[in-house]
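Below are the things I looked up, in the order I got to them.

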2 protein chains.
Amino acid sequence: MKPTGSNLDAVRRHNLGRILDLVHRQGALSRSVLTRETGLNRSTIAALVAELVARGLVVESNPDTEGVVGRPSPVVSASDTTLILAVNPEFDGVTVAAVTLGGSVVDRLRRGFRSGPSVARVVTETTNLVAELRARLPEGVQIAGIGVAVPALVRASDGMVRLAPRLGWVDAPLAELLAEATGLPVTVDNDASLGARAERYFGAGRGIDDLIYLNGGASGIGGGLVLGGRPIRGAGGYAGEFGHTFGTEGGIALERAVTRDALVAAVAPGADIDDVELERLLGEASASITATQAEVLGRALAGMINIVNPSRVVLGGFLGIIAAREPELLAATVAKFALVPPGEQAEIVRAELGADLLLIGAAEPVIDRLIADPAQIPLRQDLGDEAAPEK
Amino acid sequence: MKPTGSNLDAVRRHNLGRILDLVHRQGALSRSVLTRETGLNRSTIAALVAELVARGLVVESNPDTEGVVGRPSPVVSASDTTLILAVNPEFDGVTVAAVTLGGSVVDRLRRGFRSGPSVARVVTETTNLVAELRARLPEGVQIAGIGVAVPALVRASDGMVRLAPRLGWVDAPLAELLAEATGLPVTVDNDASLGARAERYFGAGRGIDDLIYLNGGASGIGGGLVLGGRPIRGAGGYAGEFGHTFGTEGGIALERAVTRDALVAAVAPGADIDDVELERLLGEASASITATQAEVLGRALAGMINIVNPSRVVLGGFLGIIAAREPELLAATVAKFALVPPGEQAEIVRAELGADLLLIGAAEPVIDRLIADPAQIPLRQDLGDEAAPEK
DNA sequence: CGGAATTGTTGTTTGCGCCACCAAAAAGGG
DNA sequence: CCCTTTTTGGTGGCGCAAACAACAATTCCG
């Protein structure tokens, strides 16, 4: 069965995790703020922070005198000597990046593929890139684990890729294979769900407990759902897979009615351009295509809004371009087809995070594991004069 | 901000609550089972159970020798000396019932109304019924609180009824008024959400983490959503309010296309019959009406299933009758309009709980409060020779 | 009837957060 | 410029909850 009753160890773990969580989400915080925020005693906070420092998870620094009365409180911030490796395999290549506990990408590598890669190919290439990246990292950094964002249906509990149409995979035990190849703990999850998490914590969905996230890419539309402050996967991982829902009455899937290719075809037929270029060209052209697509998108959104009543809808990728170019039309269409109260409560905004979105998201589950038990990172023995050991 | 870090008191509260939770949900459990289930030490369980007994929340009894080796372990079950009062105001009357921690109704009273009642009327009638019911209860029982299930949009955090079309209320601070009038703690929530919880814990949704619940009553269709094991309300409490969603392409709300009145009109026009009678009459008549309604219902369900990917759909009230009479048609319609994978994962079943559904559900939030802090119930002083004091 | 298995019971131990006290560091006021 | 006020860090002792260990009780089985 599930975990259960808590003993004293659990208290320590929970409190360490709570501090790590606050520092991760809100950036640098003074010890006095942590005291207020957690309700714990000053001395307790001091002891907990000391342990996190000893494990290389946070660092303390002197505050810049802020003009407040009283003794200054040391500022606690995420350490950059503990990193997470984020991996994003796609049909045309795989990206590996080093992400800090604070949620920023410090280094990245990419290896392209000519054809759709097999699972084995992705595992070996990823392992190579991981080794390469680790060699480039400064001495003394430790890797907390590997987080993978994959465009597929995933059983997150054990990192099994159930179905990846784009990659042609079925039932690939990706987490297990990568863990074996690299010797590091690995988490695997759906890319859109992870994108939703990233936008929720660090982007356009900050602080929003009920949101729908939709991302439009070259290969289709993916989405993620956050309800009651928690990511929702549904029984089989299909919750929030809005690309396959029906946007029109005729029963055409949304991701076949609203496509990036249609936008590209209208302004630069056949060209291979990125979203920035696409938006620039659309700005110069007439808006009729985005208008048509905005209407279909709006109808589909209305259906979702009626059912889950979110307070915000975040649109990324080329859907973000549509949202930026047709805000009134989109809002009007939603208002027309959604019920009045939920429709009024749902604010439609464009995603804020760009290229790093999936990498930041991919690191999140690893950080979750860290927050659940910070003691999994060994204490650094500063007893001798040697540097802290890696791995 | 939210609660936070945990200290030793929190551990004790959590563990007491965990035991109470297990006993509440799974019925009678032996102390050895509790030990295994919680992972706590035998001696710890003994101490915790002793405290719950002292607070009148559980009782210990001798097990019937089960044919197992080893010393018999005392059975812990919910006490019936601590009760929750469940209240269900409707447009034509208000029901007050006494519910045990085990989730069964032991007594009930109802007062009818001629016309739609004002908030004040409901409060005074409820207060009277509460007093009457308490007078009938045996000596020594204590009331943990009042839980209200109301057909309205509710802000559960403070029990404010935001909008109750059927009752004609707007922004009625029902929890506050009832708490003042009765001197007991009061929780208020939407009736359909509470019904969903009741079915999930004690009915057709037992153990299901992702489910949709829909209930059809004389005044319309209400629903509740449980995702990831938690009730989902959405930003404004509209999540799961499926009655207002569109079941057909023409934009007619589901609860106007699928109605109880249509069924009644087909078999006994104008008659005032209950669901049991209605189902019997339908059994004798032709099935064409239920078939039409099953199709519309199926289309609406398909839309919901595509978005939230539940593993079960529970249908109550007259929708349960439709589900029982047209299982194949309903399943076929869902299969036709839902995507294949989520459609296959969603099992459509009839609700199991009958008339007590809302009352059991209404008690749940009160029990939640009890589980969150069992120490809110005072210790019974058995030091003297007097009985335990009430209130 | 005796051994094995399981669990309740009791007293002791361990570890975590709290508390009280003192010291340190900044702001403000005369 | 010094002194008071305010806020926070640091330290040692304390209380408390759960774990642990040893023993007793109860049942099954041969």
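Before the first look-up, I note how I take angles: axes are lines fitted to C-alpha atoms, for helices over the stretch in contact, and an angle runs from 0 to 180 degrees between N-to-C directions. I also keep in mind that this is a predicted model.

**Entry: helices on strands**

With that settled, I looked at helix α4 (residues 119-136) of chain A. Helix α4 of chain A lies across β4 (82-90), β5 (93-100), β6 and β7 of chain A. Its direction is at about 140° to β6(A). I then turned to helix α5 (residues 174-182) of chain A, which lies across β7 and β11 of chain A. Here I noted an angle of about 150° to β11(A).

**Entry: the five-strand sheet**

Next I wanted the strand order. I found five strands of chain A in an open sheet, ordered β6-β5-β4-β7-β11, with mixed pairing. Which strands stand at the edges? They are β6 (105-112) and β11 (186-190) of chain A; each has a single partner strand, so one side of each is left without a neighbour in the sheet. On average, neighbouring strands of this sheet are turned by 20° against each other, direction ignored.

I followed one pairing in detail. Strand β7 (residues 142-150) of chain A pairs with β11(A) in the parallel sense, over five bridges. Within this stretch I can point to V148(A), which stands opposite V188(A) in β11(A).

**Entry: the three-strand sheet**

Chain A also has an open sheet of three strands, in the order β8-β9-β10, and its pairing is antiparallel. I put β8 (153-155) and β10 (169-172) of chain A down as the edges: each has a single partner strand, so one side of each lacks a neighbour in the sheet.

Strand β9 (residues 160-164) of chain A pairs with β10(A) over three bridges, in the antiparallel sense.

**Entry: where chains A and B meet**

Now for the two chains together. I read that 48 residues of chain A are in contact with 48 residues of chain B. The two chains bury about 3600 Å² between them, and 61% of that is on carbon and sulfur atoms. How many salt bridges cross the interface of chain A and chain B? The rule finds zero. Polar contacts do turn up: the count between chain A and chain B is twelve residue pairs, both residues at pLDDT 80 or more.

I then asked which elements give two or more residues to the side of chain A that touches chain B. They are α1 (8-26), α2 (31-38), β13 (220-227), β14 (230-232), α10 (288-308) and α13 (340-345) of chain A. The largest share, six residues, comes from α1(A). Sorting the residues of this side by type, I got 21 nonpolar, 20 polar and seven charged.

**Entry: a salt bridge in chain B**

Over all chains, the structure holds 47 salt bridges. I picked one to visit: R12(B) with E51(B), whose closest N and O atoms are 2.8 Å apart. This pair links distant parts of the chain, with R12(B) in helix α1 (residues 8-26) of chain B and E51(B) in helix α3 (residues 42-54) of chain B, 39 residues apart.

Methods: Residues are numbered from 1 along each chain as its sequence is written. Chains are lettered from A and ligands numbered from 1 in the order in which they are written. This is a predicted model: local features need pLDDT of at least 70, side-chain atom pairs count only at pLDDT 80 or more; totals for chains, interfaces and linings use all residues. Side-chain values use heavy atoms; hydrogens and water are left out. Contact means heavy atoms within 4.5 Å. Buried area is the accessible area (1.4 Å probe) that two parts lose on being put together, summed over both. A salt bridge is a side-chain nitrogen of Lys or Arg within 4 Å of a carboxyl oxygen of Asp or Glu. A polar contact is a pair of N or O atoms within 3.5 Å; within protein, one must be able to donate a hydrogen and the other to accept it, and residues adjacent in sequence count only if both atoms are side-chain atoms. Helices (H or I, at least four residues) and strands (E, at least two) are DSSP runs, numbered from the N terminus. Ala, Val, Leu, Ile, Met, Phe, Trp, Tyr, Cys and Pro count as nonpolar, Asp, Glu, Lys and Arg as charged, and the others, Gly among them, as polar. Two strands pair if DSSP finds at least two bridges between them.
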